[in-house]
Each structure stands twice: as C-alpha cells, then as structure tokens.
Amino acid sequence: MLEYWLRSQLSLRDIGKSMRRAHTILSREIARNGSGIRSKYRADTAQRLFEKRKHKQHKGKLDKYPELKEYVAQGLIKEWSPDVIAGRLKDDRPIQLLGQTISHESIYHYIYNKD
C-alpha cells in the first residue's frame, strides 16, 4: 500500500492521513527500507529486509550466561513468575551469580522467543 501511495506524489502527511499512520512512521520506513528516497521504496524489498533483520536479532542475555539461564529455568520450573525470579536475583542472589541480574522483561522475552 505504501509503495502505491508514494508513487502518487502526495506528501507524507497526506499519505499518512489516508493510511491512518503518522507521517514520521512512514518517513522512518522509507529511510530504513528505501535508502531514504521515496522513488526507491519497494514493498517486496522492504519485506525481505525486515525478514533478514528479524533473523539477526540478538539471542539475549540468557544465552551468554548459562548459570543465569539455569537459575531462570529452575525458577520457572518452581512456577515462579518472571517478576519473582528477577526480584529474588536482586535480593537473594546465589554466589555463582554474583554481579548478574536480569529484568523480568528479558525473562518474558526468553519465554516467548525460545526455540
């Protein structure tokens, strides 16, 4: 849809109103996937670039620190919530995890995105 509207020579503000999106979002999309030039934006290329970036997302903190991953996994087995796991790690940290913390958001990310 965006590719079609960009070829119509309307302003980004007008296109944004038609698509019910903010013009700044459209501008960022063009910059990210169209080399910043309206005439070079192609939806199929943008989708391919998105898929490529999606697969390159970093694995996360738990894959870098196996002891921390084990602590989180054990907490989940004990049916602790990610909030409880993160809180206990701050307040009552095991000696092997000295200096390591993780947020509850990172734990949720691990749960929803693990393979």
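Reader: Is Arg7 buried, exposed or partly exposed?
Author: This is a predicted model, in which local features need pLDDT of at least 70, side-chain atom pairs count only at pLDDT 80 or more, and totals for chains, interfaces and linings use all residues. Residues are numbered from 1 along each chain as its sequence is written, and side-chain values use heavy atoms, with hydrogens and water left out. Buried means under 20% relative accessible area, exposed over 50%, and partly exposed in between (1.4 Å probe, protein chains only). Because its relative accessibility is 46%, Arg7 counts as partly exposed.

Reader: With which residue does Glu3 form a salt bridge?
Author: A salt bridge is a side-chain nitrogen of Lys or Arg within 4 Å of a carboxyl oxygen of Asp or Glu. With the closest N and O atoms 3.0 Å apart, Glu3 forms its salt bridge with Arg7.

Reader: How many salt bridges does the structure hold?
Author: Side chains of opposite charge can pair when their charged atoms come close. Besides the bridge of Glu3 with Arg7, Asp44 pairs with Arg42 at 2.9 Å between the closest N and O atoms. Arg32 and Glu29 also meet in a salt bridge (3.6 Å, N to O). The total for the structure is three.

Reader: Which side chain makes a polar contact with the side chain of Glu29?
Author: Glu29 is found in helix α3, where three residues, about one helical turn, separate Arg32 and Glu29. A polar contact is a pair of N or O atoms within 3.5 Å; within protein, one must be able to donate a hydrogen and the other to accept it, and residues adjacent in sequence count only if both atoms are side-chain atoms. At 2.9 Å, the side chain that makes this contact with Glu29 is that of Tyr41.

Reader: At roughly what angle do the axes of helix α2 and α3 cross?
Author: Axes are lines fitted to C-alpha atoms, for helices over the stretch in contact (heavy atoms within 4.5 Å), and angles run from 0 to 180 degrees between N-to-C directions. The axes of helix α2 (residues 12-19) and α3 come within 8 Å, and their crossing angle is roughly 110 degrees.

Methods. Helix = DSSP H or I, 4+ residues; strand = E, 2+ residues; numbered from the N terminus.
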